[in-house]
Amino acid sequence: MSITAKELAKQLGLSPSAVSIALNNKPGISTETRKKILDAARVSNYDFSKIGEKKTTAGTIYFLIYIKDGAVVYENPFITQVQEGIATACAQHEYKLLVRNLYEEGDVLEQLNNIIYSNCAGLIILGTEMQKPDFMYLKNLTVPIVLLDTYCDFPNVDCVMINNMQGAFNATVRLIHKHIGQPGYLHSSYPIHSYEERCEGFYRALRKNGLPSSKSVVHLLSPSVEGAYADMLELLEQNTPLASCYFADNDNIAIGAMKAFQHKGYKIPADISIIGFDNMPLSTSVIPALSTIHVPKQNLGKTAAERLINVIESDEYYSVKIEISATYIARKSVI
């Protein structure tokens with residue numbers, strides 16, 4: 001009885017993708033590893049006729065969306081646009097793309113292993129909701145991994161991120177120059193690595209312009225439109241001191257806060273100016289249209305997929321961190 005590729009991978013302690021690469025004579029593994037796999041396949045009576053059939057794809061790439069509680073990633077158009085960029089690169093290089101949710105409430109390692117043993121060539125993981133302890137799930141995985149929208153320093157993981165610090169810094173500097181005063185900060189109450197980088201950019205802009213960090217008004221708001229609206233409305237009803245302008249961690253927070261201000265009679269931008277982050281579709285449909293930091297979301301996904309494919313098809317590997325620049329979009333929410 002002949003051995004299967006999956007069984008061969010288990011027998012050799014190698015990833016299914018490495019075995020598949022060797023059996024299908026594709027680049028991506030060392031000469032020594034390839035010889036080891038082919039020798040073991042012959043000894044174990046692997047049926048090489050299976051690989052004589054024409055392949056329609058170079059392999060399967062999985063785009064995994066890590067869900068801790070869904071506070072940020074559920075029904076988020078950001079993900080749709082990132083996925084479009086990934087799909088474009090996969091199609092160009094003839095890789096099949098499968099999209100899955102990775103739920104923290106389940107057995108994460110079991111979910112990952114089930115994916116890896118299903119002819120997986122590599123993983124792109126949207127790590128927006130991942131926190132430092134969650135990275136341990138990735139430490140010993142044997143397939144190529146690109147982590148999106150967060151940073152992990154493991155040597156087997158590449159990262160593709162937005163330059164959050166730069167975007168927040170530029171937005172805050174614009175508010176300072178426009179208002180000649182101390183901007184406030186609409187900060188996410190939900191811990192996200194990207195938002196912490198934006199926070200650092202905000203405070204760096206204050207220091208660079210000689211403004212004391214302690215004097216900025218900071219409101220902690222939920223990172224959704226409805227949540228930010230409710231939180232800001234509650235603060236307003238408590239007569240919380242306000243700033244004349246704000247930088248927000250994302251567009252949803254900015255729009256929710258803006259609606260609360262308007263509900264209480266404040267005019268945007270005559271009374272309060274606001275800049276968001278991400279340039280989501282909703283930012284152009286609110287009144288006034290929201291000034292924001294544009295993130296090239298499709299390019300973010302395409303860059304991640306191209307890096308992953310490069311790793312899959314290369315004999316050499318070195319981990320990289322890639323940052324995608326973000327740019328300011330001027331609309332009507334800033335004087």
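1. Helices here are DSSP runs of H or I with at least four residues, strands are runs of E with at least two, and both are numbered from the N terminus. Please keep in mind that this is a predicted model, where local features need pLDDT of at least 70, side-chain atom pairs count only at pLDDT 80 or more, and totals for chains, interfaces and linings use all residues. Residues are numbered from 1 along each chain as its sequence is written, and side-chain values use heavy atoms, without hydrogens and water.

2. Geometry of that pair: the axes of α8 (residues 225–237) and α9 (residues 251–263) come within 7 Å and cross at roughly 40°. Axes are lines fitted to C-alpha atoms, for helices over the stretch in contact, and angles run from 0 to 180 degrees between N-to-C directions. The angle makes α8 oblique to α9 (under 35 degrees is roughly parallel, over 145 roughly antiparallel, 65 to 115 roughly perpendicular, and the rest oblique).

3. Who touches whom: α8 contributes V225, A228, Y229, M232, L233 and L236, while α9 brings residues including I253, I255, A260 and F261 (contact means heavy atoms within 4.5 Å). The contact of α8 with α9 holds eleven nonpolar, three polar and one charged residue. Ala, Val, Leu, Ile, Met, Phe, Trp, Tyr, Cys and Pro count as nonpolar, Asp, Glu, Lys and Arg as charged, and the others, Gly among them, as polar.

4. Now the four-stranded sheet: its order is β7-β6-β8-β9, open, with parallel pairing (two strands pair if DSSP finds at least two bridges between them). Strands β7 (218–221) and β9 (273–275) are at the edges with a single partner each, so one side of each has no neighbour in the sheet. From one strand to the next, the twist averages 20°. Strand β8 (residues 245–248) is joined to β9 by three bridges, and F247 stands opposite I275 in β9.

5. Helices on this sheet: α9 turns up again here, lying across β6, β7, β8 and β9 at about 120° to β6.

6. The other sheet is worth a look too: six strands form an open, parallel sheet in the order β2-β1-β3-β4-β5-β11. Its edge strands are β2 (95–103) and β11 (321–324). Four bridges join β5 (residues 157–162) to β11, and C159 stands opposite K321 in β11.
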